[in-house]
Amino acid sequence: MPRSVPVAITVNGSRFEGEVEPRTLLVHFLREELDLTGVHIGCESTLCGACTVHLNGRAVKSCTVLAVQADGQDVTTIEGLAQDADHLHPLQVGFWEKHGLQCGYCTPGMIMAAKQLLDDNPNPSEAEIREAIDGNICRCTGYQQIVDAVQHAAEAAGAA
Amino acid sequence: MAVWRPNSVGQPIKRREDPRLIRGLATYTDDVKLPRMTYAAFVRSDFPAGVIRSIDTEAAAAHAGVVGVYTYADMDGQVGPSPVGAEMPGMGRADHPLLADGRVLYVGQPVAVVVAETPQAARDAAAMVEVDIEPRDAVVDVEAAMSPDAPRVYEELESNVCIHVPIPNPEADKLFEQADHTLSLRLLNQRVAPLPMEGRAICAHWEEGPGKLTIWTSNQAPHFVKQQVAMCLRIPEIRVRAIAPEVGGGFGAKIPTYPEDPLLCWVSRALRRPVKWFESRTENLLGMTHGRGHVENIEVAFQSDGRVLALKGRTISEVGAFRSFYGPFIALSTHTMSCGCYDIKAVAWETATVFTNTMATEAYRGAGRPEAAYIIERVMDEVAAAAGLDPAAVRRRNFVDRDAFPHTTASGAVYDSGDYEKSLDRLIDLAGYEEARAAQESARAEGRLVGIGLATFTEVCGLGPSAGSAPQQRMGTWESATVRVEPSGNVTVYTGISPHGQGQETAFAQMASDAFGVGLDDVVVVHGDTDQVQHGVGTFGSRGIAVGGAALHMALTKVHAKATRIAAHHLDAPVDQIDYDDGTFTVSGADRKLSFREVAEMAHLWNVAVPGEEPGLEAVARFEPSATTFPFGAHLCQVEIDPESGEIEIQRYVAVDDFGEVINPMLADGQRIGGIVQGIGQAMWEEVQYDDGGQLLSGTLMDYAVPRARQFPRMVLDNTVTPTPVNPLGAKGIGELGTIGATPCIVNAIVDALRPLGIDSIDMPAKPERIWQAIQSAAATQ
């Protein structure tokens, strides 16, 4: 078996210490080691965005980040956005209210990509939203209701 | 009998599915975890045609963590061939094995499967399997495959033709002689990849103790899987449980039971351990069925006033290297729907579906109808151009009259209801068609390439009476629903459809909520598990509401009738004196009443049992539709083309659709916009490409262009309501409408933009390079 190396990664606020093969992708680490199966695999090539998570507060596609690159870093996945059903993130509320998802497979990555946008730009235009999620593929919705969802979240955050 | 009124139905209720999905808590197939799980990786053919000289599995079998390596030889005699749906007399038929048995027929065909303790070990070891293949000549082009000299995909067959259905029509010949004009078109409906965001995934678990097989599979029709796996493994179907858990999109490509499904079930039984497989995107583009793949040659007979008299068509469609479930038969519906929403007097057609050394084709969102709509809508625009008439006017001239329903077309379809003028009128109004044409004139005067495209279309939904579809499959195409009321009055709905994004957990909860006056949270909708739902067909062919919803309506009606009888007994009144509204039974003209929840409890209590009534409150219903339904719509889009680069900007898209009655308009909008974008994807970017030698060129998302958010303007939607008489809901079906309307609408707009340059045809996908080339050629010939 290939040799393993130690890593210490903080995921959704909890610190994980263990050993991984050096080639282990962050997405496989999250799904297989930590059971965070909300992180989805769609293309293994950074092209679809289904595996988007935040690494130190920035959106990354976890299929092209090695787990060892996250050593000592802070990762947030979709599971880390809301502590329970009564405390949803405004983006989760927006996607629910505006029918921003159908099959739901792209949704965790889409929400994490949109979160990056709203973190940087709390008041995005429709064009800016479309630009920000251009690296995330949704095959079901045709994107329009995702745009509505992100706008809903931006408005809710603005009103809060 | 007491009836209930709509309350939640018709409202844009937000989805019951979403809380688990937006938090990443849903269970897709690859999320299933079982003790002692093993993981599979496939060795696939690198050659499109060839003879297997040897397969060396020794190094793979010795690799650390590997628990098994299997080839066809290991399972020969124990399993049947790959599942197929239908047979037709005279068709070219050959069995397709689960793993290649001595020959390979397409790139990506499974040759061996490696099973290991981890997915990584399985993939590493799969790379160590050496397959020695002696290449043979492949045939890739579907028209070339029809030549008697072409290499044969199956040497044991006389030709590559799978089915051939000529439908000559002397009436059409006569009309062609009488017509003022004729024109011809050659239309290519390129092969596309369905590309659900979740690829195929399978988890097979044989339990030796109970002798039971459970297969989780990312599929649209788990009851087909149950039946097909049982047949293939030669075990009784009562030993098989198929589960379609959360499914990340399907679009038709998850209707079939794939060779990998029974294969991994066999592996699990051989190993006595669960085995899981999740395909890579490249495997998905290689080995998930493709859609479309038609070549159409069309002749049109028409009058100077734009009236289309007759059509003659020839469809050649690609079956690929083996028969998928519906694959060889899909092209037949192109002929059936060839008249669109027009009153055309006669149609002659010839359909051939043909084997090539490529991945199999299968239903893809629309399945034969988008091809038909593409043909007839391109025809209408070319007739308008030839006659010097406005494309909207030509469409009106040819519409089936609103008073003519039910209408039998010249191609034999029986349209249930329609009002095509109504949707076009609304579109013209909403889009400001006259103003847009005037603005286009001004733009053209400035040398700008602005185009306006129309599509007025109808399609067939609600698949569909078993008598019509039975020749294509072993089961009927009715649908089932069970409604089970607990003593508390809470309700579980079990449906035979298998939604994977459509939202019927919500739509069906709305229906049950209205029927019994219970809250949406008091209803659970169960689907996608053959041990919970005794029989069902699945979600495809825009049948979820129109057939599955109709079955639910019947089951709700049965339960409601029984509840009314129980209420009548306890209220001491005859049944016909019982009124019902929003969860309360009352006696006409009296103040005695019982709530639905009280009745539900009484239905279960022995000491208040009603004489002559079985205890419990539950009903099963099966809806066999008497006919299919025909939604329709009118779409408009406006594009502007950059003459220097050939790039197309979609400036506006307006859709007025009619799908009958609606359970949840928010879900309906989602289906429509998603479908429109998928249809535009085919028109502008998407194409599965094989090279002449049969190698797949579009094997990653770098090479296969999927629509992205930035490429679209905000769509404008409206709808008209023309109910269907075919089912008790009046709902027609909506899932496929977008892809059917959008593809011709966009291409018509592009051709309209280029027509001043003398261009009257652009093949899909209308990529900038192709547009630029057309502009250059047009300039060179002028």
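Q: Let's start with helix α16 of chain B: which strands does it lie across?
A: Helix α16(B), residues 504-516, lies across β19 (479-485), β20 and β21 of chain B. The helix runs at about 135° to β21(B). Keep in mind that this is a predicted model.

Q: And in what order do the strands of that four-stranded open sheet come?
A: The order is β21-β20-β19-β25 in chain B, with mixed pairing. β21 (523-526) and β25 (618-623) are the edge strands, each pairing on one side only. From one strand to the next, the twist averages 15°.

Q: Parallel or antiparallel for β20 and β21 of chain B?
A: Parallel, over four bridges, with β20(B) covering residues 491-495. B:V491 stands opposite B:V523 of β21(B).

Q: Switching topic: how many residues are in the largest nonpolar core?
A: That core has 297 residues, and B:A40, B:V114 and B:A512 have the most contacts inside it. Helix α17 of chain B (residues 544-571) gives the most to this core, with 14 residues.

Q: What is B:A40 in contact with, beyond its neighbours within four places in sequence?
A: Its partners include B:V113, B:V114 and B:V115, along with B:L264, B:K276 and B:W277.

Q: Now the two chains: how many residues of chain B are in contact with chain A?
A: 42 residues of chain B are in contact with 42 residues of chain A.

Q: Which helix gives the most on the chain B side?
A: α19(B), with seven residues. The chain B side divides into 22 nonpolar, nine polar and eleven charged residues.

Notes: Residues numbered from 1 in each chain as written. Chains lettered and ligands numbered in written order. Predicted model: local features only at pLDDT ≥ 70, side-chain atom pairs only at ≥ 80, totals over all residues. Contact = placed C-beta atoms within 7 Å. Helix = DSSP H or I, 4+ residues; strand = E, 2+ residues; numbered from the N terminus. Nonpolar A, V, L, I, M, F, W, Y, C, P; charged D, E, K, R; others polar. Core = buried A, V, L, I, M, F, W, Y, C linked by C-beta atoms within 7 Å. Buried ≥ 20, exposed ≤ 12 C-beta atoms within 10 Å, placed from the backbone. Pairing = 2+ DSSP bridges. Axes fitted to C-alpha atoms, helices over the stretch in contact; angles between N-to-C directions.
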